[in-house]
Amino acid sequence: MKRIILVLISMAFAVFSFALDNPKAVTMVSYEQSYSDYDGTLALRNNTKAPIENVAFQIIYLDMQGNQLDYKDFYREVEIAPGMARKVDIPAYEHDRCYNYYKSEALYGHRSFKIRFKLLGYNLPQKETNQQEYRTDGAGASREEPGGGSFFWGLFPLIFMLLALGACIGIFVLVANMAKQRNRSAILWLIFSLFATPVLAIILLLCLGHSDGRGLN
């Protein structure tokens with residue numbers, strides 16, 4: 001009796017281990033990434049007879065001669081019905097350099113690459129992910145959301161130019177007001193400021209003081 005129980009336990013353990021370690025349980029059907037895409041899209045097929053969810057896998061990036069360029073591990077909260085395929089997104093490989101998957105749209109003069117899919121696990125417990133980089137709504141991952149720090153630094157030169165322009169206009173307005181307060185021609189002093197800088201005009205107005213209204217002001 002004990003021997004039968006041990007055999008049954010061993011068989012159950014073997015089946016359970018096979019379910020976890022079966023490298024063909026989930027396979028990649030296709031991959032798409034053109035030179036302008038922020039995301040690469042791959043279709044995953046469930047080759048088992050039971051639903052599968054929460055898949056971990058590794059993508060190995062290769063050049064056109066089959067030499068490895070890079071690799072990255074991914075985890076996706078996705079549900080795949082038995083015998084069905086489901087698309088998930090991952091960040092595009094070398095998007096900033098306009099890389100493209102060799103079967104997708106290419107930009108002339110830029111590099112193409114191939115990939116190899118490796119299953120790391122499935123039916124895994126859910127885990128927290130970086131919400132700025134990934135979404136876990138069943139569609140897989142998304143690219144990093146726009147509007148973050150890079151967006152601010154892109155606007156920084158424009159903001160600086162606007163502030164500088166405002167300061168320039170303000171100092172010319174100051175020269176005109178000082179000239180009016182001293183009974184002098186605001187237009188003449190603005191013209192003088194254009195050629196001799198507003199700072200020099202302000203210093204001269206402070207030194208000359210109030211005009212008596214005779215001659216050029």
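Here is a short chat about a predicted model of a protein chain.

Q: How many helices and strands does the protein chain have?
A: The secondary structure comes to four helices and seven strands. Keep in mind that this is a predicted model.

Q: And in what order do the elements run from the N terminus on?
A: They go α-β-β-β-β-β-β-β-α-α-α.

Q: OK, what share of the residues is buried?
A: Buried residues make up 32% of the 217 residues in the chain. The accessible surface comes to about 14700 Å², and 61% of that belongs to carbon and sulfur atoms.

Q: What about contacts between residues 24 or more positions apart? How much do they account for?
A: Take the contacts with a separation of 6 or more: residues 24 or more positions apart account for 61% of those.

Q: Let's talk sheets. What's the strand order in the open sheet of four strands?
A: The order is β4-β3-β7-β6, and the pairing is mixed.

Q: Which strands stand at the edges, then?
A: That would be β4 (68-80) and β6. Each has a single partner strand, so one side of each is left without a neighbour in the sheet.

Q: Mixed pairing, you said. Which sense does β3 take with β7, parallel or antiparallel?
A: Antiparallel: strand β3 (residues 52-62) and strand β7 (residues 112-121) pair over seven bridges.

Q: How many bridges join β3 to β4?
A: Ten, and those two strands run antiparallel as well. On that side, I59 has K72 in β4 as its bridge partner.

Q: And β6 with β7, parallel or antiparallel?
A: Parallel, over two bridges, with β6 covering residues 100-101. Y101 has F113 in β7 as its bridge partner.

Q: What holds paired strands together, in general?
A: Strands of a sheet pair through backbone hydrogen bonds, either parallel or antiparallel.

Q: You mentioned F113. Which residue does F113 form an edge-to-face aromatic pair with?
A: By the rule used here there are eleven aromatic pairs. In one of them, Y61 and F113 sit 5.9 Å apart centre to centre, with 65° between the planes, which is edge-to-face. The pair links distant parts of the chain, with Y61 in strand β3 and F113 in strand β7, 52 residues apart.

Q: Are those two buried or exposed?
A: Y61 counts as buried, at 4% relative accessibility. F113 is buried too, with a relative accessible area of 0%.

Q: Which residues do ring pairs link into a cluster?
A: Y31, Y61, Y93, Y99, Y101, Y102 and F113.

Q: New topic: how many salt bridges are there?
A: The structure holds two. One joins E32 and K87, with the closest N and O atoms 4.0 Å apart. That pair links distant parts of the chain: E32 is in strand β1 (residues 26-32) and K87 is in strand β5 (residues 85-91), 55 residues apart.

Q: How exposed are E32 and K87?
A: E32 is partly exposed, with a relative accessible area of 42%. K87 counts as partly exposed at 47%.

Q: And which residue does R97 form a salt bridge with?
A: R97 forms one with E94, where the closest N and O atoms are 3.6 Å apart. R97 counts as partly exposed at 44% relative accessibility, and E94 as partly exposed at 28%.

Q: Now the helices. Which residues form a nonpolar patch on the surface?
A: L155, L158, I159, L162 and L163, with about 470 Å² of accessible area together. L163 lies in helix α2 (residues 149-181), and L163 is exposed, with a relative accessible area of 59%.

Q: Last one: where does R182 lie, and is R182 buried or exposed?
A: R182 lies in the loop between α2 and α3 (186-196). At 17% relative accessibility, R182 counts as buried. Leaving out residues up to four places away in sequence, R182 touches L205, L206, G209, H210 and S211.

Methods
Residues numbered from 1 in each chain as written. Predicted model: local features only at pLDDT ≥ 70, side-chain atom pairs only at ≥ 80, totals over all residues. Heavy atoms only, no water. Patch = residues over 30% accessible without salt bridge, like charges linked within 9 Å, V, L, I, M, F, W, Y side chains within 5 Å. Areas by Shrake-Rupley, 256 points an atom, 1.4 Å probe, with all protein chains shown as cover. Salt bridge = Lys/Arg side-chain N within 4 Å of Asp/Glu carboxyl O. Buried < 20%, exposed > 50% of the residue type's maximum accessible area, 1.4 Å probe, protein only. Pairing = 2+ DSSP bridges. Contact = heavy atoms within 4.5 Å. Phe/Tyr/Trp six-rings, centres within 6.5 Å; stacked < 30°, edge-to-face > 60°.
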